[in-house]
Amino acid sequence: PLMADICHALNHPGTLSCVTAERAFLAQMGGGCLSPVAPYAEIAGDQLYLRAISFRHEMLRRTEKRAPLSDAVALGRAAAIEVGN
């Protein structure tokens, strides 16, 4: 089998949705490992639930958002905008 086939068989769609939302948040925030922001996504029923915080500008801001699993990127971006991209 091709490597892509092996990776596809190992992929967990729920985990991929969570990671996609978290990465979209970080990309929108321009954040990385040393940036004072943190997203955490998990599956809640048939929805993706994202909690995120930012300590930028010496001020704590947080949000909690839900969206369908298929809207992971939009969810991450919306959370970043809400906490002050």
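What do the buried residues of helix 2 pack against? I opened my notebook with that one, and the answer is strand 1, strand 2 and helix 3.

**Ground rules**

I am looking at a predicted model, where local features need pLDDT of at least 70, side-chain atom pairs count only at pLDDT 80 or more, and totals for chains, interfaces and linings use all residues. Residues are numbered from 1 along each chain as its sequence is written, and side-chain values use heavy atoms, with hydrogens and water left out.

**Overview**

I looked up the secondary structure and found three helices and three strands in the protein chain. Helices (H or I, at least four residues) and strands (E, at least two) are DSSP runs, numbered from the N terminus. From that end, the elements run α-α-β-β-β-α.

I noted the box that the C-alpha atoms fill, taken along the principal axes: roughly 50 × 30 × 15 Å. Of the 85 residues, 32% are buried. Buried means under 20% relative accessible area, exposed over 50%, and partly exposed in between (1.4 Å probe, protein chains only). The chain exposes about 5600 Å², and carbon and sulfur atoms supply 59% of that area. Accessible areas come from the Shrake-Rupley method with a 1.4 Å probe; for residues, only the protein chains shown count as cover.

I also checked contacts (heavy atoms within 4.5 Å). Among those with a separation of 6 or more, 38% join residues 24 or more positions apart.

**Helix 1**

I picked I6, which lies in helix 1 (residues 3-10). I6 is partly exposed, at a relative accessible area of 36%. From I6 to C18 I count 12 residues in sequence and 21 Å in space, C-alpha to C-alpha.

**Helix 2**

Helix 2 has 17 residues and reaches 24 Å from its first C-alpha to its last, close to the 24 Å expected at 1.5 Å a residue. The expected span is 1.5 Å times one less than the number of residues.

Which residues of helix 2 are buried? I listed G14, S17, C18, A21, E22, A24, F25 and M29. They cover an arc of only 155 degrees around the axis, which puts them on the same side of helix 2. The arc is that of the directions from the helix axis to the C-beta atoms. I jotted down a reminder here: an α-helix has 3.6 residues a turn, so residues three or four places apart point the same way. Turned away from the buried side of helix 2 is a face with the exposed residues P13, R23 and A27.

I zoomed in on S17 in helix 2. S17 is buried, with a relative accessible area of 13%. Leaving aside neighbours within four places in sequence, S17 is in contact with L48, L69 and A72. After helix 2 comes G30, with a positive phi near 70 degrees.

Three strands form an open sheet in the order 1-2-3, with antiparallel pairing. Strand 1 (37-44) and strand 3 stand at the edges with a single partner strand each, so one side of each is left without a neighbour in the sheet. The twist averages 15 degrees from one strand to the next. Helix 2 packs on the sheet, touching strand 1 and strand 2, and its direction makes about 155 degrees with that of strand 1. Helix 3 also packs there, touching strand 2 and strand 3, and its direction makes about 160 degrees with that of strand 3. Axes are lines fitted to C-alpha atoms, for helices over the stretch in contact, and angles run from 0 to 180 degrees between N-to-C directions.

How many bridges link strand 2 and strand 3? I found eight, in the antiparallel sense. Two strands pair if DSSP finds at least two bridges between them. Q47 has P68 of strand 3 as its bridge partner, and Y49 stands opposite R66 in strand 3. The hairpin of these strands has six residues between them, and there H57 takes a positive phi near 60 degrees.

**Helix 3**

The 12 residues of helix 3 (residues 72-83) should span 16 Å at 1.5 Å a residue, and the end C-alpha atoms are 17 Å apart, which agrees. Its buried residues are A72, L75, G76, A79, A80 and V83. Seen down the axis of helix 3, they fall within an arc of 130 degrees, so they line one face of the helix. They pack against helix 2 (13-29), strand 2 (47-54) and strand 3 (61-68).
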